[in-house]
Amino acid sequence: MTTALEGMELTQVGPGTMMGGLMRRYWIPAALSSELARDGAPLRLMLLGEKLIAFRDSAGRVGVMDHRCPHRCASLFLGRNENGGLRCIYHGWKFDVAGNCIDMASVPPQQDFKHKVKAKAYRAVERAGIVWVHMGAGAEAPPLPALEILDVPDDEINVSFIQRDCNYLQALEGEIDTSHFGFLHAGHVDPADVAEDDPVRHTVTSRAPEYHVTDTAWGTQYGAYRPAGPGRMYWRCASFLFPFWTLAPNGEFGSHVHARAWVPLDDSHTMFCFLWWKRGASAMTQPQPAFKDGRPIGGAGRGNKFLPNTTDWLGRWRLAANSGNDWGIDRAAQRDNTIYSGIEGIHLQDQAITESMGPIVDHELEHLAPSDQMITRTRRRLLMAGRALRDGGVLPPGVEDVEVFRGARSGYFVSDDQRPWPEIYAGQLAAAVRPPPTRSCAAE
Ligand code: FES
Ligand SMILES: [Fe+2]
């Protein structure tokens, strides 16, 4: 079980907290590059419980800093983004993207001390159409993580952001919880109605899979297996990667190049950041699942409806279906079993179920089962790494040794390989399609 203290250690992300300290060692995907226009309005950005602003200067460079002006704390969100910097509209002090005060217009020239004033700015780089932020205090930032998806050229990567109104951990745990698939997403699907070679068929034929869970260099991994005919197994494998990434099993292992981040905005809001390879075979690039007679499987629709973005700290990339309208649950569809959950769309089903737990799960109320072993293992790994950093200064996995991420792949496959799971995985990985390396992983 997870104690109340462990729950706090795992879920709190603000400055000075254990997990906040761990996450500040890594690069964080924070916004779409397209959210920032050259000399455009600053963006309110909440990250790890800190209120920041982001802006793009006249030269196209991105700045990310505390929203409070270092003079007397007026919000730089209101500032004028012009001529190579952001000017506070209170007394006209101006800051460049690194936070340096470059003009102190309200102070007589002989008393000017702008070279001594610096806004609290964080490093920012752009890659894959995303602004990445490093909130650590050290002089040097590590390289970007060597995620396989970051080997793909930018124009072959799709990116989507969706806010979720709950703590990052319960959102992330929904991704590494394979035993919910046959219920939440497919409880209404009769195996006899699905084509024999359809991967959905295996997940609904056996709704209580067995699985192997292992610690890996990048975090944790499971390989879930179900019988798939004489001598054959249907495998679905997925991973947790430090500090908040998941690789989901919803694509063919051979080309499923993607990554999913669960970025804490604060303790009770998360930004889901999803990058996927346009040429990979996954739920995002293949037709919607269908019964063998051609009817679409209910509840498996694609596409999410968004509310308009606002300038609020928590106003970006929110779904129209949310707790305020019960995520659009259709009780008739639930009752007549056209959609097990009554909620349309796989992503929304996951969103609804994890938000329904409340802003932060009370872990003392849980009764974890053997089928939750991936979740317990992942919590333990996070706790151990967080404590080792906090108490002994031991760097967590993937901060400096970023190449550990490159061995992580997920997806499904059918195999007659009888070897132990790690060898089956290594064999599949060796045969998988790899995007050509097109970058160095050094953060410019
Ligand atoms: S508060 Fe920003 S210039 Fe005075
Ligand atoms: Fe799910």
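Good morning. The protein chain has nine helices and 18 strands.

Residues are numbered from 1 along each chain as its sequence is written, chains are lettered from A and ligands numbered from 1 in the order in which they are written, and side-chain values use heavy atoms, with hydrogens and water left out.

Confidence next. pLDDT is the predictor's confidence in each residue, from 0 to 100. The protein chain averages 94, and 98% of the residues score at least 70. Residues 440-444 stay under 50. For that stretch the model has twelve contacts beyond four places in sequence. A contact means heavy atoms within 4.5 Å. Where pLDDT is low, the predicted coordinates should not be read in detail.

Now the overall dimensions. The C-alpha atoms fill a box of roughly 85 × 45 × 45 Å, taken along the principal axes.

On to the strands. Two strands pair if DSSP finds at least two bridges between them. β4 (residues 62-66) runs antiparallel to β9 (residues 121-127), and two bridges join them. β9 and β10 form a hairpin with two residues between them. A128, in the turn, has a positive phi of about 60°.

Now an open sheet. Four strands, in the order β5-β6-β7-β8, pair antiparallel. Which strands stand at the edges? β5 (80-81) and β8 (101-104) do; each has a single partner strand, so one side of each is left without a neighbour in the sheet. Two bridges join β5 to β6 (residues 86-87). N81 has L86 as its bridge partner in β6.

Some backbone exceptions. Most residues other than glycine have a negative phi, and most peptide bonds are trans. D39 has a positive phi, near 60°. D39 is in the loop between β1 (27-32) and β2 (43-47). The peptide bond from F242 to P243 is cis, with omega near -10°. P243 is in the loop between β14 (233-241) and β15 (245-247).

One tryptophan, W317, is in the loop between β17 (269-277) and α6 (331-335). Leaving out residues up to four places away in sequence, W317 touches L32, E35, F161, I162, Q163, M271, F306 and N309. L307 is ten residues from W317 along the chain, and their C-alpha atoms are 7.1 Å apart.

Last, the second largest pocket. A pocket is an open set of points on a 1 Å grid over the protein atoms alone, where a 1.4 Å probe fits, with protein on both sides within 12 Å along at least five of seven lines; lining residues have an atom within 4 Å of a point. The second largest pocket holds about 410 Å³ of space. Points are joined across faces, edges and corners, and the volume is the space filled by probe spheres set on them. The lining has 21 residues, and E173, D177, M357, E366 and I375 lie nearest the centre. Which element gives the largest share of the lining? α3 does, with four residues.

Conventions. This is a predicted model: local features need pLDDT of at least 70, side-chain atom pairs count only at pLDDT 80 or more; totals for chains, interfaces and linings use all residues.
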